[in-house]
Amino acid sequence: MRILSGIQPSGKLHIGNYFGMMRPALRLQEQGEAYLFIANYHALTSVADADAMRQGTRDVALDFLACGLDPERTAFYRQSDLPEVHELAWLLSNVTPLGLLERCHSYKDKLAKGIAPNHGLLAYPVLMAADILIVQANVVPVGRDQKQHVEVTRDLAIKFNNAFGETFTVPEPSISDEVAVVPGLDGQKMSKSYGNTIEIFGDLKQAKKRIMGIVTDSKALEEPKDPETCNVFRLYKLFATPEQQADLAARYRAGGMGYGTAKKELAELFEAHFAPMRDKRAELAANPKYVEDVLQAGAARARRLARETVQKARKAVGLE
Ligand code: ADP
Ligand code: TRP
């Protein structure tokens, strides 16, 4: 089984990214041949500052390695070290109905926000399809918001195969059911664009302050509370053992416990969960040469496969 996923270097890693995409992808690396990459070409659709792009790229590299990416097992690379994706994106463009791109939620959301659309924004899913198809991936672990893009990829692969003969593996999205959508501080989907995130490797005090600021209802301390509708509890569940979850749920229902107590317990679990990764990340940050070597070796591995796929696609359309 071949697994591929990518993440844009356009913001600090938050717990929505971690539970929605990173951890499931890292778990899958044990089940097959994994390709994980830093989607810096995609990030150009929203990052227009070269230093921020470089910094963001370094951050993602450190984040993945600190969180358990095993570079022996997994090819880890920068998307821009695989320029072949653009050739493939062009070949795919010609089997891509415009309406399919115009119907993508993430494109429509950006329009609704008043962002003036450019070609990059519209063509975003075609480049994403190229990322996936170029390594002939079977499985693409992503959060629920990216599922539609993987469906577009399937469509394009099928259309291309029908038009030019079997060329691409048709991939499946893999959405972790347990944590399809991690809620943010305000209960909406956690997302950097909503400003409701809890950053993982930022200042620890700041993260705890944010946890203490999670929005709850205004039930008094002595009142019984419903864990299932509470943002604090929904986040707590991500970190806690089943026993810890049952214990806190019982204390919610019994009354006599304020939300502040639950938030403190969440903050403790958050800190303990990420402490070893925080240490590892600091070690890696002090060794940029190692990180660069990992990325270059990963790109070389991905590139061998990419060249093979592009060659096959060029033949299929008659460029060779
Ligand atoms: P953001 O919404 O903060 O901009 P991205 O769109 O860059 O995050 O998401 C990167 C990856 O993390 C994607 O695979 C996405 O599905 C996943 N992801 C982001 N936020 C969440 C969330 N709140 N719950 C689950 N997965 C998420
Ligand atoms: N669009 C994805 C996101 O914003 C990042 C991405 C780019 C990706 N190419 C990909 C994810 C290929 C999975 C597979 O999160």
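## Ligand 2 and its contacts

A polar side-chain atom of Gln8 sits 3.0 Å from an oxygen atom of ligand 2, a polar contact in the sense used here (a pair of N or O atoms within 3.5 Å; within protein, one must be able to donate a hydrogen and the other to accept it, and residues adjacent in sequence count only if both atoms are side-chain atoms). On its own, ligand 2 has 360 Å² of accessible area, of which the protein covers 90% (Shrake-Rupley method, 1.4 Å probe; for residues, only the protein chains shown count as cover).

Please keep in mind that this is a predicted model, where local features need pLDDT of at least 70, side-chain atom pairs count only at pLDDT 80 or more, and totals for chains, interfaces and linings use all residues. Residues are numbered from 1 along each chain as its sequence is written, chains are lettered from A and ligands numbered from 1 in the order in which they are written, and side-chain values use heavy atoms, with hydrogens and water left out.

## Who lines the ligand 2 site

Around ligand 2 there are 14 residues, and the closest are Gln8, His42, Tyr124, Asp131 and Gln146 (a residue is near a molecule or strand if one of its heavy atoms lies within 4 Å of it). By class, eight are nonpolar, five polar and one charged (Ala, Val, Leu, Ile, Met, Phe, Trp, Tyr, Cys and Pro count as nonpolar, Asp, Glu, Lys and Arg as charged, and the others, Gly among them, as polar).

Strand β1 (2-7) and helix α7 (119-134) each supply at least two residues of this shell, and α7 gives the most, with four. Helices (H or I, at least four residues) and strands (E, at least two) are DSSP runs, numbered from the N terminus.

## The ligand 1 site

Ligand 1 has 17 residues around it, with His14, Asp145, Val182, Ser191 and Lys192 coming nearest. Helix α1 (residues 15-28) provides the largest share of that shell, four residues. The shell's make-up is seven nonpolar, seven polar and three charged residues.

Here too there are polar contacts to look at. A polar side-chain atom of His14 is 2.7 Å from an oxygen atom of ligand 1. The backbone also takes part: a polar backbone atom of Gly143 lies 3.0 Å from an oxygen atom of ligand 1, and one of Val182 lies 2.8 Å from a nitrogen atom. The protein covers 92% of the 530 Å² of accessible area that ligand 1 has on its own.

## Strand β3

Strand β3 (residues 75-78) is covered on both faces: Ala75 and Tyr77 on one side, and Phe76 and Arg78 on the other, are all buried (under 20% relative accessible area, with exposed over 50% and partly exposed in between; 1.4 Å probe, protein chains only). Four bridges join β3 to the parallel strand β2 (residues 33-38), and Phe37 has Tyr77 as its bridge partner.

## Aromatic pairs

The whole structure holds 14 aromatic pairs (rings of Phe, Tyr and Trp, the last by its six-membered ring, with centres within 6.5 Å; planes under 30 degrees apart count as stacked, over 60 as edge-to-face and the rest as tilted). Phe233 and Tyr236 are a stacked pair, 6.2 Å centre to centre with 20° between the planes. Both lie in helix α10 (residues 231-239), three residues apart, about one turn of the helix.

Phe233 is buried at 2% relative accessible area. The rings of Phe233 and Tyr252 form an edge-to-face pair because their planes meet at 75°, with centres 5.6 Å apart. Tyr252 lies in helix α11 (residues 242-254) and Phe233 in α10, so this pair ties together parts that are 19 residues apart in sequence.

Key:
Two strands pair if DSSP finds at least two bridges between them.
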